[in-house]
Amino acid sequence: MKATIWHNPACGTSRKTLAILQEAPGVELTVIEYLKQPYGEAKLRQLFADAGLAAKDALRLRGTDAAERGLPDADEDAIIAAMAANPAYVERPFVETDRGVRLCRPQDRVHEIL
């Protein structure tokens, strides 16, 4: 099974999710450090749709200025544009496999798509 994780090595939940993926038998893993290789708007829309989330559901407030910028009250397009411009606004980690996409908070959610 192929799996892709959008990873932030500074995040404990992201590191724990990555460890689960690395230990899972038969997983061919791709790791994307999204702060170095940012998401595009199209990829964000696809991940959110496949995970059944609105952009607001994936907006990271902690450790960002998203609230001060009014993003929690913005529309979907404005949030996605801000996330594409500043990937730190995206909650982490997202994982995509053939079985779907999950925002893996908590990290055990990754088991739903393995």
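Visitor: Which residues in α2 meet α3, and which in α3 do they meet?
Guide: E41, L44, R45 and F48 in α2 meet D77, I80, A81, M83 and A84 in α3. Contact means heavy atoms within 4.5 Å. By class, that contact has six nonpolar, no polar and three charged residues. Ala, Val, Leu, Ile, Met, Phe, Trp, Tyr, Cys and Pro count as nonpolar, Asp, Glu, Lys and Arg as charged, and the others, Gly among them, as polar.
Visitor: What are the ground rules here?
Guide: The model is predicted: local features need pLDDT of at least 70, side-chain atom pairs count only at pLDDT 80 or more, and totals for chains, interfaces and linings use all residues. Residues are numbered from 1 along each chain as its sequence is written, and side-chain values use heavy atoms, with hydrogens and water left out.
Visitor: Back to the helices. How do the axes of α2 and α3 cross?
Guide: The axes of α2 (residues 41-51) and α3 (residues 76-85) come within 9 Å and cross at roughly 120°. Axes are lines fitted to C-alpha atoms, for helices over the stretch in contact, and angles run from 0 to 180 degrees between N-to-C directions. Helices (H or I, at least four residues) and strands (E, at least two) are DSSP runs, numbered from the N terminus.
Visitor: New topic. What order do the strands of the sheet take?
Guide: The order is β2-β1-β3-β4, in an open sheet with mixed pairing. Two strands pair if DSSP finds at least two bridges between them. β2 (28-33) and β4 (100-103) are at the edges with a single partner strand each, so one side of each has no neighbour in the sheet.
Visitor: And how many bridges join β1 to β3?
Guide: Four, between residues 2-7 and residues 94-97, and the two strands run antiparallel. W6 stands opposite F94 in β3.
Visitor: What packs on the sheet?
Guide: Helix α1 (residues 12-23) does, touching β1, β2 and β3. Helix α2 lies across β1, β3 and β4, at about 75° to β3.
Visitor: Aromatics, then. How many pairs?
Guide: Three. In one of them, the ring centres of W6 and Y39 are 6.2 Å apart and the planes are at 25°, so the pair is stacked. Rings of Phe, Tyr and Trp (its six-membered ring) pair if their centres lie within 6.5 Å; planes under 30 degrees apart count as stacked, over 60 as edge-to-face and the rest as tilted.
Visitor: Where do W6 and Y39 lie?
Guide: W6 is in strand β1, Y39 in the loop between β2 and α2, so the pair ties together parts 33 residues apart in sequence.
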